[in-house]
Amino acid sequence: MFPHQGRSLVFSLGSPAVMFPRMETAPPVITQNAAPALIEVEGLTKLYSDFPAVTDLSFAVRPGEVIGLVGPNGAGKTTTLRCLAGIIPATRGSVRICGRDLATQTIEAKRRLAFFSDEPRLFDYLTVEQHLIFTARIYGVANYREIARPLLEELEMADKTDKLPGELSRGMKQKLAIACGLLHSPEVIFFDEPLTGLDPIGIRRMKDSILKRSRAGAAILISSHLLHLLEEVCSHVLILKNGRKIVDGSLGEVRQKFSEQSGDTSFEEVFFRATGENKDAP
Amino acid sequence: MIAGALFYYQRHWWFNRLLTRLRRLRQPKYLFGAIVGGLYFYWYFFRTLGRGGRSAGIPLEYQDVAQSIASLLLLVAVLFAWILPQSRAALSFTEAEVAFLFPAPIGRKTLIHFKLLKSQTVIFFSAIFLTLIGRRWNGEDFLLRALGWWLIFATLNLHSLGSSFARTKLMDRGLSNWLRRILILCAVGLVVTGIVLWVRYTLPLPPAMEGNPDLAQLGRYANDVLHSGPIPWLLFPFRLVVAPSFAAGAGQFLLALGPALAVMGLLYWWVISSNVAFEEASVELSRKTAERVAAVRSGNWQAARKTKKPGRSPFQLRPTGLPAVALFWKNLTSAGRLVTTRAWLFLIWIVVFAGFALHSQTRQAGGVGAGLAFFALMLAGFSLFWGPQMLRNDLRQDLPATDVLKMFPMPGWQVVLGEVLAPAAILAAAQWLLLLAGLILFPDQFNGHSITLAQRTCYAMAAAIVLPCVDLIALLIPNAAVLFLPAWFQLGKDGPRGFETTGQQLILMFGQLLVLALSLLPAAAVFAIIFLLTSHLVPIALGVLLGGVPAAALLLVEAGFGIRLLGLIFERFDLSAEILIQG
């Protein structure tokens, strides 16, 4: 049983005071994690016609790990995430979610994951409450009312249950998408540019939410260009360029690898060295 | 210099757009659509081109009356521009144009010129299209006809702009929309009353309309009304604008062109010299337009409407059970307020109440009730063809959200089932309502044959059982087309247009009819066998019902196979092979 099912899920999101307390801890502490990987990727390759968007990508994410997927534009980050979430099929290779093969045990694998795109993907003609009911039925969350009611209150959306997405601000839409995505207590979570369009409070809440999910045992993969976000919340990093993995490992390992003399090289510097990009270019 | 930049932008916008569409023709699915669409347009518009058009147009004796009527229509269009709108003056720009042009060192006159230049494209194609539709050209005067239409549209466009500026000025001076409308309608009422009185007391009575009215006499009377008294003065400026369209040849056209251009010039001066701020309203308009385009592109036509209210849940959705029901529920909710139990109960009540109220008239063929019965049954029959085209709250609506659907932990067949159930249910409910109306209102006697209520009930029940199964298959066909040819269903500004769209729609329509006919054949054979076997044992009506049940069962089996097959295709559907999502 996943450790944070039921009511406890509520307290991973919500009001600044309860669900998003001031971040007291640094990014997840890197320890030798012996638990079986929740995300296992082996030789993932995705071709668009003849163009290789992702080539022979392999990595694993264990419970509690937050891995940052970074790379220049066109590196294949979004394609990787879409392949891992089962939105698009991989051309070659295998993806296992919580031990279930995404290609052959698709439904069992999808039941355990959540994907949050940079733009909240909502149905314009369903209200906030209808979104939650709909999601509960899709994922078979029998006790969704117990989860949804306090969740809406803590997301400060209790008075907006009859609102359509068109009547909500971007931040509220994001909250609704998160509420829907977490309703079934996913063990594996994918974020594509999670901070897009959020205000400073929203950014803080999102970071805290990611960390809380990881502490509760979820395996999290974040694709972002915001290197400071990755430094704050990620335990590991995977750098892609032209669809190929340049390097992966814990933040310390990667930093160490690309530090010339000292070990205190900024992650931005590491990124430029790893990808061979010229940071001084206009 | 700035005008040159704007002209450059407009020229390249069109060139690049054309180039993109031409490049797309390298893909067979677009090329095939374009060929079929091109052939259709050729067949409809151009096949008579070498033979000099269809006809020379309006007979000479009616030319003058026609010109006056055209002037009158133009006057009405102009009046509407003063009565209907309620917003402030706003020039329609795209969001990108607002972002680039509004902060740029460009004067408002230049922006107006740019707007006028931009609108010429739509005006140009509208003029060509209407000239082709009219088919009134005689070889060489196609150009004159097209120019005539261009003059009318360009003048209306200038007037629309000028009147929007003038309305805004009036609003700024405290004249509300409603007060303006009341004042204009009062003025129109006064003028119309004066004209009616003048006609009544100065002209002879109109020719009798009973029996077969003499059209020539009627035409002469209309000519008298339109060419005497105050009306010619009232229509004078409008006649100047439409006159080139009615010119018999190049000479007459050139003579009429001068005054028409003079009217345009006056309107142009009016527009340019109106000192009204339009920028703020234009920014708001461009934002709303962009939102509507985005909503349509995401397949949500409902959100594209100006007013939107949350739809009532059609039924209580339990959190556990078949996930396909969630999609069914979602799509019923998206259908809006009409799809509620209350609305359908109200419709049934109306049909039953009105049906029995008219029952006395249905005992014999003829009468309002019988007419309505035939109309209802005809609609029920035609609904098999228009229903699946009109009700699109299935994969066609959710196509832009396919990435969301692909994430759901449910097998493909459940996605397809959940998607097609909502339009199938709505269509079946509409058909049952029409059948109920037909059952109640159908006459007891028809063509000398007695049709009892029991017989009618058998026929209606057979249809009520078979039609929903046919609906399901008819709806599966366009949903299959979505998965096979998703680009043909793409909406919004990136979707296919022009020849391609027409061709694709024609191909889909004929393909749908063919596949539907083929899929109905086995069920029709089963029906025929059962009907023939039972025809000597039971009455015909009962035979129809007995034949209908296994036919419906076979159709359901076919639909089941179809759903399974489409489910497998959905599971293998590769979004990345299409241009629906950003990679």
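Chain A has 9 helices and 10 strands; helices (H or I, at least four residues) and strands (E, at least two) are DSSP runs numbered from the N terminus. The model is predicted, so local features need pLDDT of at least 70 and side-chain atom pairs count only at pLDDT 80 or more, while totals for chains, interfaces and linings use all residues. Residues are numbered from 1 along each chain as its sequence is written, and chains are lettered from A and ligands numbered from 1 in the order in which they are written.

**Chain A and the cores**
- Of its 282 residues, 48% are buried (20 or more other C-beta atoms within 10 Å of a residue's own; exposed is 12 or fewer, partly exposed in between, with C-beta atoms placed from the backbone).
- Taking contacts in chain A between residues at least 6 apart in sequence, 71% join residues at least 24 apart; a contact is a pair of C-beta atoms, placed from the backbone, within 7 Å.
- The largest nonpolar core holds 146 residues, of which A:Leu183, A:Phe190 and A:Leu221 touch the most other members. Such a core is a set of buried Ala, Val, Leu, Ile, Met, Phe, Trp, Tyr and Cys residues joined through C-beta atoms within 7 Å.
- Helix H18 (residues 412–441) of chain B gives this core its largest share, 16 residues.
- Not counting residues up to four places away in sequence, A:Leu221 touches residues including A:Ile39, A:Val61 and A:Phe190.

**Positive phi in chain A**
- A:Glu193, not a glycine, has a positive phi of about 45°. The residue lies in the loop between strand E7 (188–192) and helix H6 (200–215) of chain A.
- A:Glu193 is partly exposed, with 19 other C-beta atoms within 10 Å.
- A:Asn242 has a positive phi near 50° and sits in the loop between strands E9 (236–241) and E10 (244–250) of chain A.

**Contact between the chains**
- On chain B, 31 residues are in contact with 33 residues of chain A.
- H13(B) supplies the largest share of the chain B side, 5 residues.
- By class, that side has 16 nonpolar, 10 polar and 5 charged residues. Ala, Val, Leu, Ile, Met, Phe, Trp, Tyr, Cys and Pro count as nonpolar, Asp, Glu, Lys and Arg as charged, and the others, Gly among them, as polar.

**A helix pair in chain B**
- Helices H19 (residues 453–484) and H21 (residues 540–572) of chain B pack at about 15°, with axes 9 Å apart. Axes are lines fitted to C-alpha atoms, for helices over the stretch in contact, and angles run from 0 to 180 degrees between N-to-C directions.
- The contact of H19(B) with H21(B) has 27 nonpolar, 4 polar and 1 charged residues.

Technical notes: Two residues are in contact if their C-beta atoms, placed from the backbone, lie within 7 Å.
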